[in-house]
Amino acid sequence: MAAQSDNDLVARIAAGDQLALQTLYGRHHVKVFRFALRLLRSEPSAEDVVSEVFIEVWRNAAQFEGRSEASTWLLAIARNKAISMLRRQREDELDDESAAAIEDEADDPEVALQKKNKGDVLRACLSRLSPQHREVIDLVYYHDKSIEEVARIVGAPEGTVKTRMFHARKQLAELAKAAGVDRGWP
Amino acid sequence: MTRDRREEADAIEALLPWYAAGTLDPGEAKRVEEALARRPDLRASLEIAREDRDETIALNEALGAPGTDVWTRVLAVAQAEPRKPSLKARLAALVGLGAERHPGRLAWAAAAAAIVIALQAATILSLLPAAKGPGYQTASQASATPEGASVLVSFAPDARLDQVGLWLQQHHASIVEGPRGGMYRVRVGDKSLTKDQVAALAAELAATPLVHMVLPATGE
């Protein structure tokens, strides 16, 4: 039997089907978690985002209009939750404990270079992109979102998305070059 | 390079990340491929984009997963807040239809439903000889398809899904389509029926508070 599409699952959730919610959760919770974690840099906060996303899906599945993939809808909800959380954190003025939690665990690019591994350097640089650039890079390269879908998730015009991606790549190239990996672009 | 060619080159460059990810639409992908065939510098840039993509995937895959207690939290809320969806949503899920998810169709359905409600005062029998129109029609001829007979049913808004399921079972009926205009096409038999038989059946089916109204349907 063919697996039900995500959109069919959302229709079942709208009808109160908890099993459908569990199936949708099983399919997407890891990617939603990683997307939130890259934005928030805190595992407990990213887990909070995951639970809030799927609770919102449970409560508002009937409002999903099916004009995009369900995964795009989930990431858009996750982004909104994460941004709200970041705003609250800023307003609360981070205490030492939470400040420590958002320290990046990746190697410093220079440290990575000492390991003489280009992949390590690039991953270290990817972790040091601005949040906006990190987000667009992840959506395009890891979440496989089209231009239209990224625009829907971040709430920006498609032209802005293309420009943002170009600058993200440029920032990544500059960080890599500063760390000793010059790939000759841009 | 002329300004136009420079702009075209920039536009292609901007599409490369999506080309590398395989998420461009076919038209844009073709445009990129044609440019790649002409420009070696673009091929080098594509390789960099592919390298960036590989490392982005590696970075994300190393991030782990949320703890199992996260699902427990979600489930606790779902169980504490059982949904009370509309019958429409439940029936749409039951028959695997997503028509209600499109705003345009929703608006059409709402308008059609309003018309149906306005017509409710008329008797079912008086609707039988109504004129044909687009979409669902009341029919002046036997409302049976070659495969069997069907009628259009509008359920009461407060009807429960289990009640509707039992009602269908009792009448050896099944939902085959809908909702459109708030009505479901319900198959009620394997054989063709005459107009009188359909009228009698419609009256019988409508004799329950679960059902708002029943109309004969033309085959579609």
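Which helix of chain B holds B:Leu205? B:Leu205 lies in helix α9, which covers residues 195-206 of chain B. Residues are numbered from 1 along each chain as its sequence is written, while chains are lettered from A and ligands numbered from 1 in the order in which they are written. The model you are looking at is predicted, so local features need pLDDT of at least 70 and side-chain atom pairs count only at pLDDT 80 or more, whereas totals for chains, interfaces and linings use all residues.

Let us stay with this leucine for a moment. B:Leu205 counts as buried because it has 20 C-beta neighbours inside 10 Å. Here, a residue is buried if 20 or more other C-beta atoms lie within 10 Å of its own, exposed if 12 or fewer, and partly exposed in between, with C-beta atoms placed from the backbone. Leaving out residues up to four places away in sequence, B:Leu205 touches B:Val151, B:Val153, B:His171, B:Val211 and B:Val214. Two residues are in contact if their C-beta atoms, placed from the backbone, lie within 7 Å. The C-alpha atoms of B:Leu205 and B:Leu215 are separated by 9.9 Å, and these residues are 10 apart along the chain.

Now step back to the whole of chain B. Chain B has 9 helices and 5 strands; helices (H or I, at least four residues) and strands (E, at least two) are DSSP runs, numbered from the N terminus. Of the 220 residues in chain B, 30% are buried. Among contacts in chain B between residues at least 6 apart in sequence, 69% join residues at least 24 apart.

Next, see where the two chains meet. In chain B, 38 residues are in contact with 46 residues of chain A. On the side of chain B that touches chain A, α1 (3-21), α3 (40-61), α4 (69-80) and α5 (87-95) each supply at least two residues. The largest share of that side, 11 residues, comes from α3(B). By class, the side has 22 nonpolar, 8 polar and 8 charged residues. Ala, Val, Leu, Ile, Met, Phe, Trp, Tyr, Cys and Pro count as nonpolar, Asp, Glu, Lys and Arg as charged, and the others, Gly among them, as polar.

Finally, visit two loops of chain A. A:Arg41, in the loop between α2 (18-40) and α3 (43-60), has a positive phi of about 60° although it is not a glycine. A:Arg41 counts as partly exposed because it has 18 C-beta neighbours inside 10 Å. A:Asp144 is found in the loop between α8 (131-142) and α9 (147-154) of chain A, and its phi is near 55°, a positive value in a residue other than glycine.
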